[in-house]
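Please read this briefing alongside the sequence and the model. The notes below are grouped by topic.

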Amino acid sequence: MANQISVREPQIHGNKNHADVTQDVCNIMDRKPTWLWWLGFGLALSALALGLVSVSYQIATGIGTWGLNKTVGWAFDITNFVFWVGIGHAGTLISAILFLFRQKWRTSINRSAEAMTIFAVICAGLFPIIHMGRPWLAYWMFPYPNFRGPLWINFRSPLAWDVFAIGTYLIISATFWYFGMIPDLATVRDRAKSKLKKFFFGVLSLGWNGSFRVWHRYETVYALLAGLAAPLVVSVHTVVSFDFATSAIPGWHTTTFPPYFVAGAVFSGFAMVLTLMIIARKTLQLEDYITLNHIENMTKVIILTGGIVTLSYATEFFMAWYSGNGYEQFVFLNRALGPFAWAYWIMVGCNLITPQFFWFRSIRRNVVLVFILSIFVNIGMWFERFVIIVTSLHRDFLPSSWSMYTPTWVEIGTLIGSFGLFFTLFLLFIRTMPMISMGEVKSVLHYRGNGDNQNG
Amino acid sequence: MDRQMVAEFRNEFDLTDAVQAVRDAGFEIVDAYTPFAVHGLDKAMGLKKSRINQISFLFALIGITVGVLGQYWVSAINWPINIGGRPWNSLPAFMPVAFEVMVLFCGLGTVFSFFAWRKVKYGKQGLQPNLRATNDRFYVVVKQGQERKSTSVVKDIVTENNGEMVDQ
Amino acid sequence: MSEFKKKYYISHEEKACETNCTCSDLPSVEDAKLTAGFTRRSFLKTSGFSFAAFMVACSKTPVQKAIPFLIQPEEVLPGKAIWYASTSFACDAGCAVHVKNRDGRPIKLEGNPNHPMTQGGLCAQCQASLIELYDSKRILVPQLNGNKSDWKTVDKTVVKHLRKVRDAGKEIIILTGTVNSPSLLHTIKKFKKKFKTVSHVHIDDYSYSAILDAHEKNYGQRILPKYRFDKADFIVSIDADFLGSWVSPIQFTKDFQKNRKLDSKQISKLIQVESRMSITGAKADERIAMTPTEMKSFMSDLDAIIQGEMGTNPHAKKLAKMLKHHRGNSLVISGINDIKIQLIVNRINQNLGNVGRTLDIKKPSRLFAGSDSSIHSLIAKIESGMVGALMISGTNPVYILPKGEQFASSMGKVDLCISFSDMQNETTANCNVIAPGLHDLESWNDAEQTTGILSMTQPVIRPFGENRSLRQSLSTWMGLKKDERDLVRNYWKKVFTSRVKSGKTFTRFWNELVHDGFSTISSKRKLLTRFKDQQVKIDTRQKNELELVLFQSSQMGHGRHAENPWLQELPDPITKLTWDNVASFSPKTAGAYHLEKGDLIEIISGKIKIKLPVFIQPGQKNNTVAAALGYGRKGTERFHEIGPNWLEKKDTVKKGETVGSSVSSMILFDENFQYGGLPVTIEKTGKTWDLALTQTYNTLTNPEKTSPASMPVRPFIQETTFNKIQKNPTAGSHHGHPITTLWEDDHTYEGHHWGMAVDLSSCTGCSSCIVGCQVENNVPVVGKDEVLRKRDMAWLRMDRYYSGDGENVDVSFQAMMCQHCDNAPCEPVCPVLATVHSSEGLNQQIYNRCVGTRFCANNCPYKVRRFNWFDYAHDDVMENMVLNPDVTVRSRGVMEKCSMCVQRIQEAKFEAKRLRVPLKDGDIKLACEQSCPADAIAFGDLNDPESRISKMTQSGRHYKVLEELNVEPTVGYLTNVRNRDADEGKGEHHG
Amino acid sequence: MDKGLNKQFSYMIAMLVIIGFVMIFKNSTFHIPGNQQDYAPEQPIAFSHQLHAGEMEINCQYCHFGAEDSKHAGIPPANVCMNCHKFVNNTFNETRLADQENREPIASSEIAKIYASLGLSILGEKVSSGKPTEWVKVHNVPDFVFFSHKPHVNAGVDCAKCHGDVSTMTRVKQVEDLSMGWCLDCHRQDHKSLQNSAGRTAQLQDCASCHY
């Protein structure tokens with residue numbers, strides 16, 4: 001058994017030992033940021049600024065500053081919401097589900113993937129609030145005792161479900177992320193020079209001392225959290241899909257939405273992880289940790305989920321035809337041939353064609369190509385949500401109120417702003433926190449028989 | 001309290017073997033300090049399976065109950081309001097929230113009960129034989145028996161598992 | 001409104017002057033300025049007190065002051081509405097109204113159901129005229145040579161001048177719109193006596209002169225016959241939009257419906273011959289499209305055939321046969337203002353023996369007296385400088401006359417031009433004296449619109465300014481200082497014995513008159529000669545490539561209300577266009593000239609050029625271009641400001657421009673004002689123009705590229721024909737499969753269960769319900785840009801669908817408002833319970849709970865929910881006085897929609913409770929329901945088997961839109977029935 | 001350092017606890033914004049309900065005659081006051097005193113204000129045009145709430161139920177908090193006066209019975 005394992009290609013290249021791992025990972029935080037980091041941070045910040053301007057103008061003036069109308073009540077706002085929630089799925093999925101399946105290759109990407117999840121969910125969570133006509137009353141979405149009778153909330157409303165789903169998801173993912181980071185925080189604390197850093201990480205690491213008795217329970221709790229997070233991931237996007245699935249509008253009123261949305265989420269999520277990891281790996285010289293195998297594995301997941309998404313598109317059309325319901329049929333014809341056909345075909349192009357390239361190993365292992373394709377997948381997935389929302393609304397039942405939709409600069413600014421927020425947070429994260437789970441990487445460094453001699 | 005002996009190792013496999021051997025030699029392992037969760041060490045140290053999962057199951061139960069009953073009470077008892085002609089008790093519609101509440105309770109409950117466990121002290125520098133314990137060294141703390149020779153026995157086991165004793 | 005609720009008081013002044021106080025309860029402008037200042041609603045809702053709010057440093061919430069009356073008039077109770085009967089002259093016909101007066105402020109006009117003419121109907125113009133009372137741009141003090149002045153000086157100068165003119169033997173001209181007020185005519189007569197050289201000229205905004213002249217030739221009297229659409233079984237209308245804008249549309253609609261009762265053996269049949277698409281054309285059982293020139297030949301053929309001579313025109317043949325068949329109870333009318341045509345019409349009716357049966361010339365209508373020839377002579381006189389003084393009241397000649405500028409300049413020749421208008425307009429600009437008149441709601445007036453029926457107008461609010469009615473000004477200048485009321489009252493006192501045949505005392509008669517708003521009186525017969533036939537020669541040879549057709553739109557008329565935001569934003573019933581007039585072409589013609597919707601073109605006739613955007617109008621006659629009168633009024637620049645202000649805002653009108661453009665100059669003015677048939681050419685400018693349409697997809701047929709085989713046409717409108725419905729009461733309805741539901745039903749409506757039904761075969765699409773709703777529910781005006789962005793706020797919209805193609809299309813209307821579904825899809829999606837169901841089946845929207853997620857609007861299959869995208873302006877202090885204090889003014893970011901006038905339901909309940917009697921069917925009338933001249937809308941309790949609504953629901957024609965979604969709407973529709981032969985096949989293309 | 005850290009934490013927690021206590025026990029008359037309970041503003045005329053409604057036992061609706069048929073109970077116009085005060089222009093004690101000292105009683109300055117508002121001198125002759133008294137409104141509900149006295153009075157709801165026992169107040173004070181919950185307490189009870197026996201309370205709990 002032992003030699004079997006030993007012939008397997010190691011997860012981490014450049015035969016590192018434990019100390020090297022600590023060294024490499026902590027280096028990212030310790031050394032001065034590279035000009036590349038500054039560049040990225042600058043861009044991210046300016047995007048964020050643009051977003052802030054747009055949002056504050058919108059909140060000060062009214063939703064009217066968006067291109068919406070009496071027929072199309074949602075467009076960019078909810079599109080972005082679903083998009084970001086989708087992105088937020090890979091993280092927890094990678095760490096939780098791959099952990100449960102004992103996929104060792106997760107170890108070097110799960111930390112940053114989880115961080116990405118949290119930041120994405122933060123971005124997502126903003127949209128339901130700013131898309132309100134009176135965002136300052138957003139707290140009415142929560143059931144709390146009051147002097148109004150008391151008047152609670154409507155637990156039958158998918159939006160109320162969203163509040164709980166997204167809230168729970170954010171809290172649990174954050175917990176999972178932080179909990180998994182405690183040992184590494186201790187490591188950082190123990191090698192910290194400055195008093196401040198010592199204090200800071202001292203607080204965060206909760207007095208972790210590597211005692212194996214703690215490790216023992218810690219492992220159990222971590223497994224439990226993973227076990228919880230896995231169904232949670234699935235539930236969250238299911239609930240998001242309910243926003244549409246439970247409605248009465250043809251094109252929304254679709255029972256296949258939950259699996260369809262979850263697959264889509266994972267699809268886009270992994271694409272985003274790839275995008276980020278490839279950048280990180282290049283700029284932070286992490287080639288040894290985020291190896292081509294990691295990239296390849298993720299592209300494989302993309303092929304799978306991409307397949308499911310494709311199937312969903314097909315199913316939708318089939319069901320529309322099969323149902324014999326004129327309104328349904330119209331909506332789908334209208335998607336493919338109507339005024340918003342261009343959006344539909346962008347979606348199809350990006351989500352159906354792109355993954356097919358990954359059938360070829362050469363492409364899977366070509367970092368540049370993978371990077372480009374992953375971005376295409378992200379674009380495609382954004383348009384998927386746009387198509388679902390706008391094309392279903394703009395021509396529904398009564399032709400008298402059919403209309404078109406064009407975004408205003410305020411909406412576009414808000415979209416860019418959300419990306420700004422996301423990257424700002426992520427760049428700050430890699431500077432301040434151990435972005436690779438040292439503990440777990442160390443645990444997969446050696447197997448009996450291959451590592452012993454290297455500990456000089 | 002009786003004296004303790006601390007041994008340092010350079011990798012997880014030596015540690016595990018040594019611990020196993022020491023225990024076989026009839027010594028009591030106080031604790032081990034490792035930079036990561038060493039696979040199989042729990043067996044070697046003879047640690048029992050943690051019962052924390054039962055606690056979290058309890059929290060899950062509480063969560064789901066609160067979720068379902070809470071929603072039912074709000075929508076059907078406290079102030080029943082006719083919402084789109086749906087029945088007072090729209091159980092299917094209550095499921096998503098019930099589930100989320102369950103997960104929330106269970107997750108936080110588990111983590112907090114873990115923190116509540118006394119070995120974690122807020123903001124405290126860990127008591128550990130050496131700072132490298134969180135980096136690349138592996139330590140085991142053995143309870144020294146009464147016999148004089150015991151020290152040497154442990155020392156032997158340690159050295160043949162290419163580790164070395166640390167004196168405090 | 002239920003009987004017990006409606007107490008009409010005789011006017012304030014009546015009471016006031018008995019309890020010698022000077023109507024301190026009626027607010028003056030100052031009050032309004034002081035009070036309307038702050039929150040939109042509260043000052044109104046706590047009305048009766050005036051309010052002043054200011055933060056006191058120590059207190060958490062603003063201190064509110066409550067100021068009681070000093071001496072409270074008996075019938076005035078703060079917070080309780082009082083109703084006064086009156087008459088509004090906002091439209092040419094003049095609608096009998098009940099004015100809802102709340103704390104001294106008129107806030108709503110509703111039709112007076114007892115009035116024999118309008119019979120409870122109320123046109124859009126009259127309803128909307130309410131806001132003109134509160135117009136901050138009104139002239140409230142007399143003006144002398146363009147500067148503010150006071151009555152003393154004005155009176156002095158005017159009288160001095162009039163004397164001079166009289167002595168110089170020059171003429172004093174009183175130029176008015178048609179005056180049918182006996183008392184005013186009397187005053188003018190007196191005025192003539194006083195200043196010898198006075199002559200009184202009538203001028204109508206839209207001329208009906210030809211009809212009157214024709215009758216003069218035929219019967220020796222200039223009369224406008226009273227048309228009896230309730231008696232006519234077969235109606236042929238040649239270019240007369242009598243359901244929309246011709247003569248007296250409301251009255252005609254009411255009458256027309258009387259003979260369209262589907263339960264009776266037979267109903268009347270309407271054939272409309274026209275070039276453009278009008279409301280009447282949309283309603284017609286058969287519609288024949290013709291160019292104005294074709295109409296002429298058609299008429300002469302029709303006439304010929306009826307007289308038994310030869311005629312070639314196939315339509316004429318067919319119709320002649322039908323007309324003969326319906327001898328005596330057919331009716332032929334024509335809106336063509338051409339004496340030749342009218343002579344033919346008269347002859348046809350005479351030959352068919354309709355006179356005295358379907359049209360009454362013995363008790364004629366007195367709505368229009370204008371004579372085109374007298375306008376000619378007037379202009380001539382002025383040109384020749386014979387005129388020393390020109391008094392202009394109730395008309396705007398500079399705008400309505402084809403050669404307006406010319407008239408304006410010639411006014412310069414007159415030393416004294418007096419305008420009685422209370423608004424600046426094209427004419428006042430050329431007047432050296434402005435003696436501002438009163439709004440109908442401020443003034444005493446009487447009118448005899450139809451011989452024998454006297455309508456009364458009484459003031460319901462103290463005049464805002466120092467304004468004086470024409471009557472008052474004239475008598476002042478005659479040197480008799482009289483209170484206005486007395487002027488009217490005394491006249492009737494004088495003629496009482498001669499004109500009122502009844503045992504009543506005068507006081508009794510007067511009080512009843514003021515109380516009821518009308519009274520029947522006797523009037524001496526006009527002596528009509530026997531029918532003198534006139535020979536008419538119509539040359540039918542001429543052939544034009546492109547003919548211009550001008551018309552009055554039902555909302556804008558001839559521009560009198562151009563400054564009324566409600567009417568400007570009221571979509572045209574046919575085109576669905578707001579804030580513009582257009583040059584409309586038939587699709588074919590547009591294609592021939594390569595015109596696209598929105599292209600800006602120039603219409604050219606001789607030297608005159610008019611810029612108008614192109615509009616493609618299905619059903620219009622090829623080779624015609626139609627344009628609405630009444631646009632391009634000066635003063636509509638004011639709408640530059642209207643609408644929410646933000647970065648990407650487009651102005652409703654650019655600075656210094658007007659809403660639409662005036663086409664008056666295109667009126668052909670030879671012997672008569674000719675509104676149709678002017679040959680024109682067009683030229684593209686290459687520019688384009690945004691058209692703010694509330695509906696941009698116009699048929700129920702899916703766009704062919706995306707049309708599924710299973711549903712080429714959407715089944716929202718059911719149509720059938722009369723003879724089919726007779727055989728099978730459910731004809732035209734498509735039978736949906738039975739609906740099953742998963743939900744157990746927790747919600748039985750044991751009390752009331754409110755519901756509504758719209759009878760599509762009565763509805764004419766006139767859209768006065770929309771204004772009614774807007775006034776009642778404080779629906780904001782949002783401006784052109786917002787409409788362009790599809791953000792119009794109207795709670796009730798009139799969907800209009802075309803079917804058929806080319807010149808031969810059917811138009812179907814469908815009033816669409818919140819359907820108050822029992823399984824409302826909007827409700828379960830609202831996270832904060834801002835829209836939930838009431839125990840009486842209402843779909844409630846609670847503004848103050850709404851956080852504005854818009855999910856409800858998205859999930860509404862009918863798309864009837866409206867969102868407050870901005871804070872729609874309510875900062876015009878004066879205008880705010882029109883707001884209904886019982887309805888919240890919605891703030892930014894909340895959803896709103898039809899509430900089924902829940903405030904009326906509640907009010908009725910309260911009253912019933914007070915009187916300890918149960919609610920009766922009809923106690924509650926919704927704003928849209930009461931204003932409907934066709935009685936198409938019915939509201940009531942579905943749980944009451946006797947109610948009108950229940951009966952309609954049981955009807956075989958009753959159906960619900962999108963029933964298959966199982967949303968269970970409580971609003972239903974009744975199949976549209978057209979009286980056409982089944983073999984014509986059309987009429988059921990909707991599925 | 002370890003100790004230091006622990007201290008830090010205990011401080012933090014202590015602070016939180018203290019803040020919490022302050023929040024709760026700051027002052028017992030803490031109202032959530034918009035709640036005007038116990039609001040008793042000074043009025044331009046020191047009119048005493050205790051005297052008029054209490055001792056004199058004048059019926060509420062004698063002065064607030066709007067209540068039965070209108071949204072607003074209404075503040076009595078000056079002419080209503082004058083029904084009595086035409087004859088009464090000074091206080092009891094003053095009259096008694098004056099009798100003892102047999103002199104003309106001195107008119108009360110407060111009643112003089114009513115005369116003044118009508119533009120009358122205390123002796124009743126017209127001196128000016130007069131101007132209505134600006135009372136301070138005590139019971140206010142938000143703009144988006146439709147409240148009408150009419151149904152309540154006709155349903156036989158006792159004035160005191162909402163306004164408290166005014167007959168004991170020298171200066172009127174808002175007794176109830178007038179919150180939505182408070183309204184519902186009553187609207188949730190069964191009401192005989194409602195038209196349809198079925199779904200009585202349901203009807204009163206409809207949002208649209210107050211919000212439109």
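This is a predicted model: local features need pLDDT of at least 70, side-chain atom pairs count only at pLDDT 80 or more; totals for chains, interfaces and linings use all residues.

Two residues are in contact here when heavy atoms of theirs lie within 4.5 Å.

**The interface between chain A and chain C**

- About 5,200 Å² is buried between chain A and chain C, and carbon and sulfur atoms give 59% of that area.
- On the chain A side, A:Lys70, A:Tyr327 and A:Leu398 supply 16% of the area that chain A buries against chain C, which is more than any other three residues supply.

**Helix packing in chain A**

- Helix α4 (residues 76–100) of chain A packs against helix α9 (residues 257–283) of chain A at an angle of about 75°, with the two axes 7 Å apart; because angles of 65 to 115 degrees count as roughly perpendicular, α4(A) is described as roughly perpendicular to α9(A).
- Among the residues that make this contact are A:Trp84, A:Ile87 and A:Leu93 of α4(A), together with A:Phe261, A:Phe270 and A:Met272 of α9(A).
- Sorted by class, the contact of α4(A) with α9(A) has twelve nonpolar and four polar residues, and no charged ones.
- Helix α10 (residues 292–323) of chain A and helix α12 (residues 341–357) of chain A pack at an angle of about 140°, their axes being 8 Å apart, and that angle makes α10(A) oblique to α12(A).
- The crossing of α10(A) and α12(A) is left-handed.
- In this pair, A:Ile302, A:Ile303, A:Gly306, A:Thr310, A:Tyr313 and A:Phe317 of α10(A) meet A:Tyr344, A:Met347, A:Asn351, A:Leu352 and A:Pro355 of α12(A); the residues of the contact divide into eight nonpolar, three polar and no charged.

**The seven-stranded sheet of chain C**

- Seven strands of chain C form an open sheet with mixed pairing, in the order β30-β22-β27-β24-β26-β25-β31.
- The edges are taken by β30 (676–679) and β31 (681–688) of chain C, each of which has a single partner strand, so that one side of each is left without a neighbour in the sheet.
- Neighbouring strands of this sheet are turned by 35° against each other on average, with direction ignored.
- Helix α10 (residues 292–306) of chain C packs on this sheet and touches β22, β27 and β30 of chain C, its direction making about 85° with that of β22(C).
- Strand β22 (residues 547–551) of chain C runs parallel to strand β27 (residues 624–628) of chain C and is joined to it by five bridges, with C:Leu550 standing opposite C:Ala627 in β27(C).

**The four-stranded sheet of chain C**

- Four strands of chain C, in the order β13-β12-β11-β14, form an open sheet whose pairing is parallel.
- Here β13 (286–289) and β14 (330–334) of chain C stand at the edges with a single partner strand each, so one side of each has no neighbour in the sheet.
- Five bridges join the parallel strands β11 (residues 234–238) and β12 (residues 269–274) of chain C, and C:Val236 stands opposite C:Ile271 in β12(C).

**Backbone details in loops**

- The peptide bond from A:Gly149 to A:Pro150 is cis, with omega near -10°, and A:Pro150 lies in the loop between α5 (110–130) and α6 (158–191) of chain A.
- C:Arg916 has a positive phi of about 55° although it is not a glycine, and C:Arg916 lies in the loop between α27 (902–915) and α28 (927–931) of chain C.

Definitions and conventions: Residues are numbered from 1 along each chain as its sequence is written. Chains are lettered from A and ligands numbered from 1 in the order in which they are written. Side-chain values use heavy atoms; hydrogens and water are left out. Two strands pair if DSSP finds at least two bridges between them. Helices (H or I, at least four residues) and strands (E, at least two) are DSSP runs, numbered from the N terminus. Axes are lines fitted to C-alpha atoms, for helices over the stretch in contact, and angles run from 0 to 180 degrees between N-to-C directions. Angles under 35 degrees count as roughly parallel, over 145 as roughly antiparallel, 65 to 115 as roughly perpendicular and the rest as oblique. A crossing is left-handed if the near helix is turned anticlockwise from the far one by less than a right angle, and right-handed if clockwise. Ala, Val, Leu, Ile, Met, Phe, Trp, Tyr, Cys and Pro count as nonpolar, Asp, Glu, Lys and Arg as charged, and the others, Gly among them, as polar. Buried area is the accessible area (1.4 Å probe) that two parts lose on being put together, summed over both.
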